[in-house]
Amino acid sequence: MCGIVGYVGKDEALPKLTKGLKTLEYRGYDSAGVAVLQNKEIYVVKDKGRIANLEELLKHEHIKGNIGIAHTRWATHGVPSKENAHPHMDDEKRFAVVHNGIIENYLELKDFLIDKGYTFKSQTDTEVIPLLLNYYYKKEKDVLKALGKTLQDLKGSYAILVISPLLGKTILAAKKNSPLVIGKNESGIFAASDIPALISYTNEFYFLEDGDVALLNDTITFYNDEFKPIKKKSKKIDWDMEATNKNGYEDYMLKEIMEQPEALKNTLNGIIGKKIEFLNFSLDKDYLDSITNIHIVACGTAMHAGLSGKYAIEKLCRIPVTVSVASEFRYQDPIINAKTLCIFISQSGETADTIAALKLARDKGAVTLAITNVFESSITREAKYTIYTHAGPEIAVASTKAYTSQVGILVALTLYIKEIRDGHSKESDKLKEELINLPKLMDVVLADKDIYKDYAKRMYKVRDLFYIGRGNDYNIAMEGSLKLKEISYIHSEAYPAGELKHGPIALIEDGTFVFGIATDAKVEEKTLSNLEEVKARGANIVLVADKEEAKDMDIIKIPKVNPILAPILAVIPLQFIAYYIAKEKGLDVDMPRNLAKSVTVE
Ligand code: M6R
């Protein structure tokens, strides 16, 4: 949700800034802009639209300079427009600011500044920052003091970078509740919203904590929230740059769908042996016997993985599990305490609502466990424990390989809890074996690409699409439906199969496509009956199931596995069909409209 990048060093800043922005574009792509300090003056180029558009504009400018900041925006306050694009500056061009986050008290600050004679050019919350810097600089005659006063006034979340002719070759960086990393190499010093933006320059990073400020010039000086100098250790990140390329695929989403078997294999690697063991995470029998319930919290696709986690834990461990959408969790006064194990799932590890929910659970005394795909992401610094999925960088906005890896790790966690509480059993050994064998079965499902493409060709013009299932199949239905709407813009709904006749069946017309998911023998007959009911009302049925045929229905056959594991296989055809429908419609699958990969604002 907005990406920021900054560079100060020996080289030209612009190429580094635009390259960094391109890797951050998945965080938002409503507008983009840069500010470079040239001959003690700040030059800003910005516009509505994508980074390619900004690059075109930059071709006609002749900006040179070794220090600059840049931004790619996901609009929160104010429409996507040139005026609302970052960087924002004060009238005297003393400060240029890029910002990721939300200044919650910006209206109050705006009134204060208007009262002091300042005027605003944009509708953004961000513009208060350069204006406050200007205001306090005039009073304090000291940039650092002005920054300190400005930060004290801001409520909400921010990762900001500031350049100023008053500072010369120095970038100011500050963060609270929004991510910011700093890297260094022989050419200079970089700052960005995330590691991938900088990984081609360095693999050593400094992570700012909330309240930290940094001064970047020839060296990096860190300060805490009281502006006292502090020392920080860098961390080495061993990421493969190749993993952030498309590797010949047309889109990241397609690449990431195809990478799922490998992602699951890497995620489970070293975890499942005779015993299940996680790196840097363990719970003992006394604790696990003492807990009364588990609460899983996440957003979007990660929440759907959480629902399948609930299914697995309740089935195998008989511990009650609640799953909450993170944005609701904080406001529902959740009943959690020291006897609740709270699990937070987030691919990016940066989702603001999930992190805020984690902090609340921690304050209420619960043990907190984060499941994330991004090493050293913000969530890992807040949770008591972290388990990583090792799916590799997920770039496409629509989550695919992270989801199947999350479900896989949740099943491994379920088996871990079960074995500690109840000891080994044939049932858990069998499930372990099935889990390890899954990547091979995923390959089988992936091989049917052309079949999925044909379905997409039949469906891409529809207005609505429905997905139904029971039990874990309903969880899969929800994920299938989310994938379709986010990248194809086709309205779709997922329902528990038995619920249709309580209302939604009224939406079924001649020719409406309905996906039925039936992977659980216990409820399969019931789901098939519900599909018959919609067929009787003219619907076209596509059944995703582990059987060869069903009367008068198209079937997408997947291999038979324990229903606990079924999401990992059954979701693949649904991901593909959503993908190919979006392609048929000529849409940008990797960067769908209105969305961003990391939702770092609440
Ligand atoms: O990074 P996170 O897993 O916390 O993200 C949560 C959701 O924003 C994310 O899963 C979103 O729903 C995806 N676009 C779905 O494909």
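How do the residues of the lining of the largest cavity divide into nonpolar, polar and charged? Hold that one for a moment.

First, the ground rules. This is a predicted model, where local features need pLDDT of at least 70, side-chain atom pairs count only at pLDDT 80 or more, and totals for chains, interfaces and linings use all residues. Residues are numbered from 1 along each chain as its sequence is written, and side-chain values use heavy atoms, with hydrogens and water left out.

Now the overall build. The protein has 18 helices and 25 strands. Those are DSSP runs, numbered from the N terminus: helices are H or I with at least four residues, strands are E with at least two. The radius of gyration is 25 Å, close to the 25 Å from the globule rule for 602 residues, so the protein is as compact as a globular protein of that length. That radius is taken over C-alpha atoms, and the rule is 2.2 Å times the number of residues to the power 0.38. Along the principal axes, the C-alpha atoms fill a box of roughly 75 × 55 × 45 Å. Of the 602 residues, 61% count as buried. Buried means under 20% relative accessible area, exposed over 50%, and partly exposed in between, with a 1.4 Å probe and protein chains only.

On to the cavities. There are two of 30 Å³ or more. A cavity is a set of points, on a 1 Å grid over the protein atoms alone, where a 1.4 Å probe fits but cannot get out; lining residues have an atom within 4 Å of a point. Points are joined across faces, edges and corners, and a volume is the space filled by probe spheres set on them.

The largest cavity has a volume of about 250 Å³. Its lining has 27 residues, and Tyr26, Asp194, Pro196, Ser348 and Val374 are the closest to its centre. Back to my opening: the lining divides into 13 nonpolar, six polar and eight charged. Here Ala, Val, Leu, Ile, Met, Phe, Trp, Tyr, Cys and Pro count as nonpolar, Asp, Glu, Lys and Arg as charged, and the others, Gly among them, as polar.

Where does the largest cavity lie? Domain 1 (3-239) and domain 2 (246-444) both give residues to its lining, so it lies between them. Those bounds come from an automatic or database domain assignment.

The second largest cavity holds about 60 Å³ of space. Its lining includes Cys2, Trp74, His86 and Asp125. That lining splits into two nonpolar, seven polar and two charged residues.

How values were computed. On a 1 Å grid over the protein atoms alone, a cavity is a set of points where a 1.4 Å probe fits but cannot get out, and a pocket is an open set with protein on both sides within 12 Å along at least five of seven lines; lining residues have an atom within 4 Å of a point.
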